[in-house]
Amino acid sequence: MQKKRTTIVLFSGDYDKAMAAYIIANGAAAYDHEVTIFHTFWGLNALRKDGDVEVQKSGMEKMFGKMMPKGADKMGLSKMNFGGLGQKMIKGVMKKHNAMELPNLIEMAQEQDVKLVACTMTMDLLGLHKEELLEEIEYAGVAAYLADAEDGNVNLFI
Amino acid sequence: MQKKRTTIVLFSGDYDKAMAAYIIANGAAAYDHEVTIFHTFWGLNALRKDGDVEVQKSGMEKMFGKMMPKGADKMGLSKMNFGGLGQKMIKGVMKKHNAMELPNLIEMAQEQDVKLVACTMTMDLLGLHKEELLEEIEYAGVAAYLADAEDGNVNLFI
Amino acid sequence: MQKKRTTIVLFSGDYDKAMAAYIIANGAAAYDHEVTIFHTFWGLNALRKDGDVEVQKSGMEKMFGKMMPKGADKMGLSKMNFGGLGQKMIKGVMKKHNAMELPNLIEMAQEQDVKLVACTMTMDLLGLHKEELLEEIEYAGVAAYLADAEDGNVNLFI
């Protein structure tokens, strides 16, 4: 029997939306789906390494690079963020409930062989370089996404 | 013949996005689909009862509880909300056009046997208790969502 | 063999989200999918003609009409818009990378026979008239959307 397939376009750079994406992805992988998360636009920030990485950038690239969150742990909430306070509150509650934080959810996805893809076209637009992103991810464009999605059972845009 | 199936993850707490979700859900139910709306994160607010409900809450839960809208009628717009003015304007226009307001759309969905599910994991995170939510809804997690969605014809994340 | 099908509900009025929608739509059309973009709520603004159009409007309709962007080129970013500066930056980078701007992506979609639909119910709500929207688009409601989507291989809500 053919495996079921789940694909998620992660467009959003919000902590809570990325959490939802990774929770669904990890759930689907646990149910033996083939799972792809295609990170595009602000969703690429979830794949950024924590901390500074030395790369040559143009002025505009530098500006985007500085203003966007460096990695999953730095992303804000889509609602009630209050300059980061909301994110801290949610993380506090998550600790209390033993819920996994976003960086752990991403690690878990990699361990479960969820295919993490960075959209090369929007990497160019936002001036993100491969050196700045997590190891062991794939690089592709919309054609590769569609090839996965057209056979998908669950396709979501988040 | 097997029934067609529509599943919607309602993540958003915006009045207009919830309207879109419930209009699609009611449409699909009218076309004889089996329909599930899985309410998670801010989308849970659409299921909150109007007015105050006595429940024991921790400090953080109380804060979230106070700051989040109490029920569908209190939710704001995703765009041009202007502190609630935009929502009032939209509701004014809806009355003029005899369009159904969100609480009525939810009622209609329940009458059409749309399965309304509250995500238990995010209820915990946001400190929402069953007593605060509408009657006759279901409680489940991501596994139940995926079980419905993997056979879905139309799966949306809103 | 039956053609594959992609349907997108474009709810968002953000430049970047509309870009994502049209890039996926154009990609799917290039892979020989039948593609529909169903524009509802703020997504209708992507279909507005550039510049002023003379139509009779009520006071509320006039207000919405003035406040919403007139066409794809005027839409702002979902993140880091800074009163339009972010959109200008993105457009600058796009020019540098020879990426297509949104109005060109819409033109390309029309040339590839992507079906562009305006949701009549939300046109009424927002007071948008046919004269204000692009030529050669279709007008329909949620029933027509569902008829396309229930046979869709890739269905997204953006």
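This is a predicted model. I start with a lysine on chain A. Lys70(A) has a relative accessible area of 26%, so it is partly exposed. Its salt bridge partner is Asp52(A), and the closest N and O atoms of the two are 2.7 Å apart. The two residues come from distant parts of the chain, 18 residues apart: Asp52(A) lies in the loop between E2 and helix H2 (59–67) of chain A, and Lys70(A) in the loop between H2 and H3 of chain A. Asp52(A) counts as exposed, because its relative accessibility is 70%.

Glu132(A) and Lys57(A) meet through their side chains, at 2.9 Å from N to O.

Asp32(A) sits in the loop between H1 and strand E2 (34–39) of chain A, while Lys3(A) sits in the segment before strand E1 (5–10) of chain A, 29 residues apart. Asp32(A) is partly exposed at 47%, and Lys3(A) is partly exposed at 43%. Over all chains, the structure holds 36 salt bridges.

Now the interface of chain A and chain B. On the chain A side 29 residues are in contact, and on the chain B side 27. About 2500 Å² is buried between the two chains, 76% of it on carbon and sulfur atoms. Within chain A, the residues that lose the most area to chain B are Lys79(A), Met80(A) and Met89(A), which together make up 22% of what that side buries.

One of the salt bridges found in the model joins Asp151(B) to Lys4(A), at 3.2 Å from N to O. On the side of chain A that touches chain B, helix H1 (15–30), helix H3 (85–96) and strand E5 (154–157) each give two or more residues. H1(A) supplies the largest share, eight residues. By type, the residues of that side are 17 nonpolar, seven polar and five charged.

Last, chain C. Strand E3 (residues 115–119) has four of its five residues buried. E3(C) pairs in the parallel sense with strand E2 (residues 34–39) over four bridges, and Thr36(C) stands opposite Lys115(C). E3(C) also runs parallel to strand E4 (residues 138–140), joined by three bridges, where Val117(C) has Glu138(C) as its bridge partner.

In strand E1 (residues 5–10) of chain C we find Thr6(C). Its relative accessible area is 0%, so Thr6(C) is buried. The side chain of Thr6(C) makes a polar contact with that of His33(C), at 2.7 Å. Other residues that Thr6(C) touches include Ala28(C), Val35(C) and Val154(C).

Methods: Residues numbered from 1 in each chain as written. Chains lettered and ligands numbered in written order. Predicted model: local features only at pLDDT ≥ 70, side-chain atom pairs only at ≥ 80, totals over all residues. Heavy atoms only, no water. Contact = heavy atoms within 4.5 Å. Buried area = accessible area lost by both parts, 1.4 Å probe. Salt bridge = Lys/Arg side-chain N within 4 Å of Asp/Glu carboxyl O. Nonpolar A, V, L, I, M, F, W, Y, C, P; charged D, E, K, R; others polar. Buried < 20%, exposed > 50% of the residue type's maximum accessible area, 1.4 Å probe, protein only. Pairing = 2+ DSSP bridges. Polar contact = N/O pair within 3.5 Å; in protein donor to acceptor, adjacent residues only side chain to side chain. Lists of a residue's contacts leave out its neighbours within four places in sequence.
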